[in-house]
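Hi,

Here is the structure I promised to pass on. Have a look at it first, and then read my notes below.

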Amino acid sequence: MSSESTVALVPPFTQETAILKVRKAEDGWNSRDPEKVCLAYTLDSKWRNRSEFVNGREQIVQFLTRKWQKELDYRLIKELWAFGGSRIAVRFAYESHDASGQWYRSYGNENWEFDKDGVMHHRYACINDLPINESERLFHWPLGRRPDEHPGLTELGL
């Protein structure tokens with residue numbers, strides 16, 4: 001997004017900077033590049049993702065590599081839920097399929113906390129997986145960044 005280059009995405013967040021921070025995170029995850037994504041997190045970042053605990057960038061890269069090896073054709077949408085100070089809460093949904101071709105829509109929320117430089121040091125994710133038919137998919141864009149004109153979660157009724 002062009003306004004990112006002129007707006008500092010550091011705490012304390014405003015509604016504008018929180019929305020931009022969420023979109024930047026979505027774009028990173030949609031790259032499906034663990035080495036790129038891990039740079040958004042501090043060296044000693046702490047995660048809880050479902051029942052898995054991840055500590056530091058090295059484990060983040062390992063986790064994301066495993067994730068995207070099994071969650072194929074992954075497409076994600078994040079939406080700002082709340083923000084204050086150095087914290088942002090988001091809700092999200094992503095669609096992917098496994099090696100057998102079964103599609104899933106995974107829903108959840110994340111709570112994030114950032115250091116003074118806007119790098120995330122804590123991420124807590126709660127996620128539920130819903131098997132769906134391929135015909136029920138809602139996220140139809142080429143792999144990579146979600147186009148600006150593609151509807152978000154609210155517009156899709158999710």
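Predicted model: local features only at pLDDT ≥ 70, side-chain atom pairs only at ≥ 80, totals over all residues.

Residues are numbered from 1 along each chain as its sequence is written, and side-chain values use heavy atoms, with hydrogens and water left out.

Now to Arg-50. With a relative accessibility of 29%, Arg-50 counts as partly exposed. You'll find Arg-50 in the loop between S1 and strand S2 (52-55); helices (H or I, at least four residues) and strands (E, at least two) are DSSP runs, numbered from the N terminus. Its phi is near 55 degrees, which is positive although the residue isn't glycine.

Arg-32 also has a positive phi without being glycine, near 55 degrees. Arg-32 sits in the loop between H1 and helix H2 (34-37) and is partly exposed, at 28%.

Next, Asn-49, which belongs to strand S1 (residues 41-49). Asn-49 counts as buried because its relative accessibility is 5%. Its side chain makes a polar contact of 2.8 Å with that of Arg-123 (a pair of N or O atoms within 3.5 Å; within protein, one must be able to donate a hydrogen and the other to accept it, and residues adjacent in sequence count only if both atoms are side-chain atoms).

Last one: the peptide bond from Pro-11 to Pro-12 is cis, with omega near -5 degrees. Pro-12 lies in the segment before helix H1 (15-31).

Cheers

Note on methods:
Buried < 20%, exposed > 50% of the residue type's maximum accessible area, 1.4 Å probe, protein only.
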